[in-house]
Amino acid sequence: MPTFFQPTYRQARQQFLRAAAEQPLNTWQTARIHPLKGCEDEELALDALWLGPRDAEHLLVVQSATHGVEGFAGSAVQAALLNQKVSLPNDTALLLLHAMNPWGFSFQRRVDEQGIDLNRNFVDFTRLPENPGYAELASALIPASWSPKALEVADQQLEAYRQQYGETAYEVAVSGGQYTHPEGLFYGGQAPSWSRLQLQALAEELELEQRKAVAILDVHTGLGDYAVGEVICDHPPGSQGVRWARRWYGEAVTEPLLGTSSSVPKQGLIDFFWHELLPERCSFVTLEFGTGSTPQLFHVLRGDHWLAQQPLSSVDSVQSLAIQQALLEHFCPAASDWRKAVIAQGLQRIDQALKGLAEW
Ligand SMILES: [Zn+2]
């Protein structure tokens with residue numbers, strides 16, 4: 001059986017487009033072209049594919065690469081789905097969004113070309129959230145030097161904060177989202193990103209707000225237990241979105257707002273776009289495949305952001321390669337057991353969502 005995990009964005013996109021062309025249920029397709037080229041000088045695009053009736057009242061949306069480099073897994077799940085015989089319940093359509101952040105996918109970074117974390121970008125920019133914890137930790141998170149000695153000092157500062165405020169407060173400060181340090185981690189930007197604008201335009205073009213019941217699965221990697229696809233639901237506790245998620249996906253559903261998830265509550269999630277577009281008519285979940293620990297996640301991201309800030313001529317090539325490889329291995333482990341688990345659980349959750357929509 002093919003793995004569907006491709007080594008580059010270019011090959012992942014080719015695989016997606018080939019499968020889309022051969023898909024009998026394909027009723028509409030578009031490519032929203034990014035203004036920049038990729039790392040192989042290839043075209044970058046957010047590709048959208050609609051399967052089934054254009055006017056369906058029920059819809060399943062599967063998103064990949066909201067966090068660029070995490071797209072290897074999400075793209076593989078979409079390709080695996082397209083390579084099997086897709087059958088849809090009555091009055092139901094499937095929308096695949098391939099590479100929400102194609103620049104990050106191609107350059108193997110989690111952020112976009114502006115350093116923006118798309119999953120912190122869905123805020124009201126006239127009322128930006130504050131994150132004083134991040135400001136306090138910023139210089140320790142991205143130290144001036146990446147030498148063992150400099151890192152030791154920086155790590156001690158982070159550990160002191162963690163000891164003082166506790167693990168959850170520490171993770172919220174680091175990863176909850178910040179709008180003050182463009183070179184830093186989990187930066188939400190100062191304006192809607194390219195990807196956000198494309199999603200808004202697609203939603204309008206496809207009249208998504210007219211649909212009666214919509215399930216959205218956004219495939220991510222890098223947080224939580226190894227090879228476990230956690231179904232994270234950021235709808236308000238007790239709301240329709242959570243009720244549907246529990247009914248469809250069962251006990252696997254976790255809620256950051258209740259403290260039952262590997263994910264802490266966050267600002268500017270892409271979830272909020274869908275919540276607002278389809279109030280009481282959608283259930284958005286993040287399907288998050290764990291790979292390593294949270295400290296490891298923060299460490300590889302710190303290295304990546306430190307590296308991105310260095311002038312090219314000043315960086316040792318061995319060190320820079322090691323940082324890039326550690327990042328890739330964290331977000332897309334090479335191990336075949338992990339990759340098989342991603343495909344199997346991804347397809348299982350898609351199947352559950354379609355059954356749930358049919359039942360509604
Ligand atoms: Zn992610």
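## Burial and basis of the model

A residue counts as buried when its relative accessible area is under 20%, as exposed when over 50% and as partly exposed in between, with a 1.4 Å probe and protein chains only. By this criterion H220 is buried, because its relative accessible area is 2%, and E70 is buried as well, with a relative accessible area of 3%.

The model is predicted, so that local features need pLDDT of at least 70 and side-chain atom pairs count only at pLDDT 80 or more, while totals for chains, interfaces and linings use all residues. Residues are numbered from 1 along each chain as its sequence is written, and side-chain values use heavy atoms, with hydrogens and water left out.

## Zinc site

The protein donors of the zinc ion are H67 (ND1), E70 (OE), E70 (OE) and H220 (ND1), at 2.1 to 2.7 Å from the ion; donors are N, O and S atoms within 2.8 Å of the metal (3.2 Å for Na, K and Ca), and sites may look incomplete because water is not among the atoms. Along the chain the donors follow the spacing H-x2-E-x149-H. Distant parts of the chain are linked by E70, in the loop between β3 (58-63) and α2 (71-82), and H220, in strand β5 (residues 213-226), which lie 150 residues apart. Helices (H or I, at least four residues) and strands (E, at least two) are DSSP runs, numbered from the N terminus.

## Sheet

An open sheet of 8 strands, with mixed pairing, runs in the order β1-β2-β4-β3-β5-β8-β6-β7; two strands pair if DSSP finds at least two bridges between them. Its edge strands, β1 (26-37) and β7 (253-254), each pair on one side only. Strand β1 runs antiparallel to β2 (residues 43-51), to which 8 bridges join it, and N26 stands opposite L51 in β2.

## Loop between α10 and α11

V315 is placed in the loop between α10 and α11 and counts as buried, at 19% relative accessibility. From V315 to G229 the separation is 86 residues in sequence and 36 Å in space, C-alpha to C-alpha.
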